[in-house]
Amino acid sequence: MSVASPEFGVNYMKKPIVIAVVSVSIMVAFRIIMGGLALLSGELSLVDILVHIMLPIVAAVLILVGIIKGHRLAWQWGRLLGLAAAIILTVAAVVTFAYSAEQPGMMIVAALVALQGIPLFPMFFALGTKAAKEHFRLICPSCGNSKVKGGNFLFTRAICRKCHATWS
Ligand SMILES: [Zn+2]
């Protein structure tokens, strides 16, 4: 493994970042498979496909790119949307599974939904680790505190909640 300067973390990825990238990739892969099957079955309208398949994939890919590049906005939304999606998809999978007794096809849908939701749980925890926060430059350079807030709309500046230092 090549070891890069800590300032240029894009050259190699820390473990929590790899976990987050793999998690989002798994979610996207199974969403694509589910979308493909839905298209083939002809049960979804074009609007359904756009809203329920394309939109989540685009959002996930944007977050994925942002996570790799170390954009704080991707860290923030990756955690928020990741956790929300993990809970919603897992609940949806359980409910679908419960109603799948007479329809074996629903069992496949339940499995596909579960495979999108469950990998997002480890992502939420991975992004909360110190190593992940280092990747996103979320550690205060003055006091080392890791509780920060956004200094501007795009979160390209961060403010330390403890000593109020700001950095980009
Ligand atoms: Zn500080």
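In which crossing, left-handed or right-handed, does H1 pass H5? I found that H1 passes H5 in a left-handed crossing. I call a crossing left-handed if the near helix is turned anticlockwise from the far one by less than a right angle, and right-handed if clockwise.

First, a note on the source. This is a predicted model, where local features need pLDDT of at least 70, side-chain atom pairs count only at pLDDT 80 or more, and totals for chains, interfaces and linings use all residues. Residues are numbered from 1 along each chain as its sequence is written.

Entry: H1 and H5. I take helices (H or I, at least four residues) and strands (E, at least two) as DSSP runs, numbered from the N terminus. H1 covers residues 15–41 and H5 covers residues 120–127. Their axes lie 8 Å apart, at an angle of about 155°. Axes are lines fitted to C-alpha atoms, for helices over the stretch in contact; angles run from 0 to 180 degrees between N-to-C directions. H1 is therefore roughly antiparallel to H5. The classes are roughly parallel under 35 degrees, roughly antiparallel over 145, roughly perpendicular from 65 to 115, and oblique for the rest.

I listed the contacts, meaning C-beta atoms, placed from the backbone, within 7 Å. On H1 they are Pro16, Ile19, Ala20, Ser23, Val24 and Met27; on H5, Leu120, Pro122, Met123, Ala126 and Leu127. By class I get 10 nonpolar, one polar and no charged residues. Here Ala, Val, Leu, Ile, Met, Phe, Trp, Tyr, Cys and Pro count as nonpolar, Asp, Glu, Lys and Arg as charged, and the others, Gly among them, as polar.

Entry: H2 and H3. H2 (residues 46–69) packs on H3 (residues 72–98) at about 135°, axes 8 Å apart. That angle makes H2 oblique to H3. H2 also passes H3 in a left-handed crossing. H2 brings Ala59, Ile63, Gly66 and Ile67 to the contact; residues from H3 include Trp75 and Trp77. The class count is eight nonpolar, two polar and no charged residues.

Entry: the sheet. I see three strands in an open antiparallel sheet, order E1-E2-E3. Strands E1 (148–150) and E3 (166–167) are the edges, each pairing on one side only. E2 (residues 158–160) pairs with E3 over two bridges; DSSP must find at least two for a pair. Ile159 has Thr166 in E3 as its bridge partner.

Entry: Asn152. Asn152 sits in the loop between E1 and E2. Is Asn152 buried or exposed? Asn152 is exposed, because 11 other C-beta atoms lie within 10 Å. The cut-offs are 20 or more for buried and 12 or fewer for exposed, with partly exposed in between; C-beta atoms are placed from the backbone.

Key. Contact = placed C-beta atoms within 7 Å.
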